[in-house]
Every structure is written in C-alpha cells, then in structure tokens.
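Here's a quick walk through some side-chain and helix packing. Have the viewer open as you read.

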Amino acid sequence: MEIIDKEIDWRLRVFDSMSFPTVIFKPDKTIVAVNKKYLEKLGTDDSLILGRPCQEVNIQHYPEQKFPCVNNGECPLAKTVKCRTGQSVLLKFTDQHGQLGWEERVFSPMLDENGEVDYIIESIRDVSRVKNLEKMYSGIRELIDRVVQSSVAAIIAADRRGRIIMMNKAAEVLFGHSAYYTDNVNVENFYPPGVARELMVKLRDERIGGRGKLPVTRVNIRHKDGTDIPVEMTAVIIYEDGMETASAGIFNDLRDRLEVEQQLKDAHAQLIQSEKLASLGRLAAGVAHEINNPLTSILLYANLMREKLEKDNPLEKNLTYILEDTERCKEIVKNLLAYSRQTNPTRQYFKLNDVIDESLRLIRDQKLFLHITVVEDKWPHWLLVYADKNQICQVLINLIINAIDVMEGQGVLTLHTFEDTVSGKAFLEVTDTGGGIPEANKSKIFDPFFSTKELGKGTGLGLSMAYGIMEENNGRIFVKDTGPQGTTFALELPAVPSSEVILFDSIG
Ligand SMILES: Nc1ncnc2c1ncn2[C@@H]1O[C@H](COP(=O)(O)OP(=O)(O)OP(=O)(O)O)[C@@H](O)[C@H]1O
Ligand SMILES: [Mg+2]
C-alpha cells in the first residue's frame, strides 16, 4: 500500500496525540512503534524499546507486575493473533509512590487485505479510579449489609410485584420465614388479609408522610404459624427514574412493650381501687359502728312489743315488717363491718378444693340451685394455700350467688381449681352461662354499692368485699373472661410450694 508523506504525517500525529500509552507489535511480539504517552509512562526513549520483544520490555519496566505470559497464563497478544479479535487483560501494579493501581491492556489486531494479522495495537488504560470506586462501593455495600443484618428491627424488601427480595435475621424471627426460601412468598402473606394493600395505598398517598413514605404506623403482621403480632412499622417505596422498583419496611415487635403497658394500667387501676376501698372502708366502719347500737335497740323493743300484743292484733303484721327490715339493716351493717375489715383474718393452711366443698354445703340446698347444673373440675393434687379459709369461702359464696343470679336460676355453674406451676399461683375459677358483664359495667363491678340488681336485692358490696379480702390474703380477684356465653371470675392465691406441703401432711 502506497502511503503519501502527508498521510504518514497525519497518522503519526494521531498516534502520538492519543491519550493512552499505545504500542504496536508485529505478530512475533516485537515492538515496532510506541507513542509519546508510552515513552512517558516507561520513562525511556524509543531507541531502547523498538525492535525488542514485548516480554523483555515488560519484565524490565514492570518487575512487579504479574503478566499472564510470565505467570503461566495465556498471552493476550498471541490470542489476538490466533483469534484475530480484540483481547483485554486487567493487571494490578504498584506505582512509584507505592500506591496500588489497576490497568487494563486492550489488544486490537490490524488485518491485511487477506484478513491475516499484520500488526497488533496495545493500548494501556489506567482504571485505578474505577477499580477503587468499585472496591469502595462493595465495601459500603458490605457495611450496609452488616448493619441491616445485625439490626434488632426486622427489615424486609419486596420487588414491585410484592416478591420478597431481602429479609434480615430479625425479620426471619418475627415473620417465621427463612430468607432462603422466600421465592414463592409474597409480602401479602406477611400480613392479615387486606393489610398489605392498605399499606401500599397509604405509602402512595402524598398526604400521609409524603410520596413513597409511611410514617410510624401500628399494625398487626402475620407470623408463618398464623399468629398475629402487633408491630410498629415504617416503610418506603424505592424509585428509579421516577418508577417504583421496590418497597422496604422496618418493623419493631410491640409485644413486650404492650405487655408492660398493660401491667402498668392494671397496677394503676388496682391502686385506684384499693384507695377507693380504703377510704370507703373507713367511712363504712364509722357508719356501721354508729348504726349498730340503735338497730339493736329497735330490734329489742320491737320484739318486746310483739310479745305483748294479743294474738291476731292487726299491728302484729306491721311489727313483723319492722323486725324483718331491721334484721336486714343489721345484715348490711355486718357486711359493712366485714368490708371495713374490722374482723381480723385468721390464716391457716388448707386445700383450695375444700373451699368448694364447704361453700356448696352451705348453700347448695337452697331453692335457687334447683335448675342449676354444678360442674366441679378440681385439681387432682393437693393445692395448698395459706389464707383465711372463712373469708375465701365468703368470697366464693358471693361469686356463686352472683353467678346464679345472672343465670336467673337456670344454667351451668363450673367451679375449677388448678395450679400454674410457672407462676406458683393457685386458681379457683367460677364460670357461669349467664349473659356476661356489659362493657360499660366492667370498670364498676368492684366498686362498693355498684349493683344492677333491683332495689332491696343487692347491696353491691359483694364484689368489692371480695376484692378487699383477696388483697388482704395476698391474692387477687379478676374477671378472666366475659361475653354473651357467660362469665369467668378468677380467684388467685399464692400456692404453698410442694416442698412445704410435706410439713402439713396432717392436713390431708
Ligand atoms: N357473674 C356475673 N355475671 C354478670 N354480672 C355480674 C356477675 N357478677 C356480678 N355481676 C355484676 O356486678 C354487680 C356487682 O356485684 P356485687 O356482688 O358486688 O353486688 P350485687 O350482687 O349486686 O349485690 P350483693 O352481692 O351486695 O348482694 C352485680 O349487680 C352485677 O351487675
Ligand atoms: Mg353479689
């Protein structure tokens, strides 16, 4: 091929002005041309380079670089000749300041008119920046990964179609799914029906937390075993070029916190109840004491009058009414005195099952038991407690009468005793099949004088007395369950540990 001078000049200028160090080889790997950048890079001049084989120059100028040809690898130059296509290799190097760098060497064949390789051009590009960025990026990714994995909050991400693409360890525990087997798991399975959709609607609503953001929200998530767990969550939609590509959620399990809150609420309610009972107790004690003496006089004189009346005197009936109502007043006063704890508890060890026997013995024969089925579901072992047995009997009788009242004389009364070995508590539960306690009354039933019974039938002291008695005996009374199917009241007392039972075997 003829090359006119002008053209040679032009090609050489292009070659020299290339910003990458560039070398031209013959297929036998001898160097036939190098550009200025290449000489600058090697710090030499072309007379020391031209005509020499590639490997020699490389070893001299890059003693530390691991060239494939000196490292049992395939020579990219030879491969370019063989394949007649471009090849590239990535090489690590240490520059004169000891800084680690990377260069990419690209080999391109120059073919003659027969398609044979005439020359090979090698251009060298410094890719250290890109490589360092890549390294930094993967370092950051690794760090983020570690932060996400070690987070106590559960984190999940799903793609646009709701398929789970990432779960951290806390999420595996919270949702019960393994991060390795989420191929067929859609994010909808992580919530009760409809909730996932609802959350997506909120996420897309700009008025709620801004576009693609869900502020802290309380929801229930669904564990793999079907249980619903209350959580506090935030979520985001991830956009790429304005398009939704994924969504992510962060969840905090609320079970422990809610339990503590509930315990605090219960303790607060209990405190209020105790205070209310204490101040009322003081008042009741005073009133009862003052009324007791005049009542005794009324009874005495009314009795005397009745004795003096001749038979069939029309006034006898009125006197009987006076006497009956005065007796009732005395009963109320007695209750009030008991309520104000004027009677001292005398504690003893006894079996909780005995309370059932004794209470039933006292009231079972009454007419009101006629259409009631009594089911006794007693703990088969000794269930020893240390309390005032008479007082506990009194509480149980109150609960039984309440239950019979609410069942209007017809239904099933279940008396159940058991021990919770974990908490070390003994329980006596009274369940009826009455209509339950209306929501509005739930907070009032333990209040003194709260009664829904017709005037003259209930004083409304039964449950508040029971409350005081149980507290005094280191126990508690509470409504375990109530609804249209009936109500269960529970009495709780500390169970005497079985190790101590042996000491009281005379009781059995
Ligand atoms: N098993 C129950 N089912 C539904 N409601 C109940 C039950 N036990 C109690 N209650 C409600 O609680 C109220 C208060 O009960 P409490 O025993 O303190 O008083 P009382 O039974 O009305 O009167 P007293 O016991 O003084 O004769 C009752 O009037 C009733 O409304
Ligand atoms: Mg009652």
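## Ground rules

This is a predicted model, so to speak of local features takes pLDDT of at least 70 and side-chain atom pairs count only at pLDDT 80 or more, while totals for chains, interfaces and linings use all residues. Residues are numbered from 1 along each chain as its sequence is written, chains are lettered from A and ligands numbered from 1 in the order in which they are written, and side-chain values use heavy atoms, with hydrogens and water left out.

## Aromatic pairs

Searching the whole structure turns up seven aromatic pairs. To pair, rings of Phe, Tyr and Trp (its six-membered ring) need centres within 6.5 Å; planes under 30 degrees apart are stacked, over 60 edge-to-face, and the rest tilted. Phe175 and Phe251 have ring centres 5.2 Å apart and planes at 85°, so they go down as edge-to-face. This pair ties together distant parts of the chain, 76 residues apart: Phe175 is in helix α6 (residues 169-175) and Phe251 in strand β10 (residues 243-253). Helices (H or I, at least four residues) and strands (E, at least two) are DSSP runs, numbered from the N terminus.

Phe175 is buried at 0% relative accessible area, and Phe251 is buried too, at 1%. Buried means under 20%, exposed over 50%, and partly exposed in between (1.4 Å probe, protein chains only). Phe418 and Phe427 make a stacked pair, 5.1 Å centre to centre with 15° between the planes. Phe418 is buried at 18%, as is Phe427 at 9%. There's also a cluster: Phe175, Phe190, Tyr191 and Phe251 form one aromatic group.

## Charges over rings

Arg125 lies over the face of Phe20, 4.6 Å from the ring centre. Likewise, the charged end of Lys131 sits over the Trp102 ring, 5.0 Å from its centre. The test is NZ of Lys or CZ of Arg within 6 Å of the ring centre and within 35 degrees of the ring normal.

## Helices α11 and α12

Helix α11 (residues 389-406) packs against helix α12 (residues 462-472) at about 150°, axes 9 Å apart. Axes are lines fitted to C-alpha atoms, for helices over the stretch in contact, with angles from 0 to 180 degrees between N-to-C directions. That makes the two roughly antiparallel (over 145 degrees; under 35 is roughly parallel, 65 to 115 roughly perpendicular, the rest oblique).

## His177

His177 is in the loop between α6 and α7 (195-204) and, at 11% relative accessibility, is buried. Leaving out residues up to four places away in sequence, His177 touches Met167, Glu172, Val185, Phe190 and Lys224, where contact means heavy atoms within 4.5 Å.
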